[in-house]
Amino acid sequence: YNNGWYEGGYFADAPHGKGKLVYDNGNVYEGEWKYGMICGHGTMRYKNGAFYEGEFYNSLFNGKGVYNCAPEGWVYEGEFLSGKEYGQGHIRFSSGEEYKGRFMDGCLHGYGVHTFPNGDVYEGEFSLNRRHGKGTYFYATGARYEGQWHRGRKQGEGTFYYIDGYVYQGPWENDKQHGYGTLYCPDGSIRRGWWYNGVYSR
């Protein structure tokens, strides 16, 4: 084999069936081949300690599999397409952070649940790794935001439930109340007016 040492099945002078390839760089693949390409179920072990076990197509991760990137402290389990996380998946970090939901081209994209080490949880829509669309952010303190997001920030219509009983409902911009909104107070009173960059003005 031109970039390592191979043992296993052959067809027409190319790896075919089950076989093992030890690459010159120290990586090792063991599993199924088809006409010289890694195709089917197999395991790729990398010199740095990372490994992938699952389905391959044309020598790329494709289908269901588990990629354990031990050196960087994270594990992904789910669907792949052309070597990238794509479809439904679950990624866990050694810090305790995790995400379960949709992926596209290796990015958080679509609906998912993102849990943070401090206990905060976001449940909703993502676009290219950022909260984008409609979603709810649950703070570990007990506060909660429900509404629209844009490129990772609260923007558009949303409702914030404060831990002291206040509830703000109205527009947001760049993570702050901005525009004409309503504040519901714990004593039953209601304030309506304009907010500018998070500051209330009658």
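Me: Is Phe103 buried or exposed?
Reply: This is a predicted model, and here Phe103 has a relative accessibility of 5%. The cut-off for buried is under 20%. So with its 5%, Phe103 counts as buried.

Me: Which residue forms an aromatic pair with Phe103, edge-to-face?
Reply: By the ring-pairing rule, the count comes to 31 aromatic pairs. In one of them, the ring centres are 5.0 Å apart with 80 degrees between the planes, and that pair joins Phe103 to Tyr76.

Me: How many residues apart are Tyr76 and Phe103?
Reply: Tyr76 belongs to strand β7 (residues 74-81), while Phe103 belongs to strand β9 (residues 98-104). The pair links distant parts of the chain, and the two are 27 residues apart.

Me: What is the relative accessible area of Tyr76?
Reply: Buried means under 20% relative accessible area. Tyr76 counts as buried because its relative accessible area is 0%.

Me: Which residue forms an edge-to-face aromatic pair with Tyr168?
Reply: Here the centres are 4.8 Å apart and the planes make 70 degrees, with Trp195 as the partner of Tyr168. Tyr168 sits in strand β15 (residues 167-173) and its partner in strand β18 (residues 190-196). Both residues are buried, and the partner's name is Trp195.

Me: Which side chain makes a polar contact with the side chain of His114?
Reply: His114 lies in strand β10 (residues 107-115) and counts as buried, because its relative accessibility is 11%. Among the residues it touches are Tyr99, Val121, Phe126 and Glu97. The polar contact, at 2.7 Å, is with the side chain of Glu97.

Me: Over which ring does the charged end of Arg144 sit?
Reply: Elsewhere, the charged end of Lys154 sits over the ring of Tyr145, 5.7 Å from its centre. For Arg144 the distance to the ring centre is 4.0 Å, and the ring belongs to Tyr161.

Key. Residues numbered from 1 in each chain as written. Heavy atoms only, no water. Helix = DSSP H or I, 4+ residues; strand = E, 2+ residues; numbered from the N terminus. Buried < 20%, exposed > 50% of the residue type's maximum accessible area, 1.4 Å probe, protein only. Polar contact = N/O pair within 3.5 Å; in protein donor to acceptor, adjacent residues only side chain to side chain. Contact = heavy atoms within 4.5 Å. Phe/Tyr/Trp six-rings, centres within 6.5 Å; stacked < 30°, edge-to-face > 60°. Lys NZ or Arg CZ within 6 Å of the ring centre and 35° of its normal. Lists of a residue's contacts leave out its neighbours within four places in sequence.
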